[in-house]
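Here's a quick walk through one protein model, with an eye on its charged side chains. Have the viewer open as you read.

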Amino acid sequence: MNGNVRGKGKIEIKKDGSVNGDLTTAQIIIEDGAYFKGSIEIEKSAEKEGDKNVLSRTASAPATPASMEPRSN
């Protein structure tokens, strides 16, 4: 992908992905092997909203480690 990207929630660049442009998002995941050239701006207001969700989930259920298995689409 060539160009700037704005995501409301999370942007993921998979291991075979390529992005040449600036990113604006609340969360970013760049897998090993992915290509990225540009800048990243993390939106704090969206980040705070995400933190609230994590806290409410943590309070209601014990945290479990996330699986490191690749997701199938």
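Predicted model: local features only at pLDDT ≥ 70, side-chain atom pairs only at ≥ 80, totals over all residues.

Let's begin at strand E2, which covers residues 10–13. If you look across from Glu12, its bridge partner in E5 is Ile29.

Now for the charges. How many salt bridges does the structure hold? There are four. One of them joins the side chains of Glu12 and Lys10, at 4.0 Å from N to O. Glu12 is partly exposed at 28% relative accessible area, and Lys10 is partly exposed too, at 42%.

Another salt bridge brings Lys14 and Glu31 together at 3.8 Å, N to O. Lys14 sits in the loop between E2 and strand E3 (18–20), and Glu31 in the loop between E5 and strand E6 (35–37), so this pair ties together parts 17 residues apart in sequence.

Finally, look at Glu43 and Arg6, whose closest N and O atoms are 2.5 Å apart in a salt bridge. This pair links distant parts of the chain, 37 residues apart: Arg6 is in strand E1, and Glu43 is in the loop between strand E7 and helix H1. Which of the two is buried or exposed? Glu43 counts as buried because its relative accessibility is 16%, whereas Arg6 is exposed at 64%.

Notes: Residues numbered from 1 in each chain as written. Heavy atoms only, no water. Buried < 20%, exposed > 50% of the residue type's maximum accessible area, 1.4 Å probe, protein only. Helix = DSSP H or I, 4+ residues; strand = E, 2+ residues; numbered from the N terminus. Pairing = 2+ DSSP bridges.
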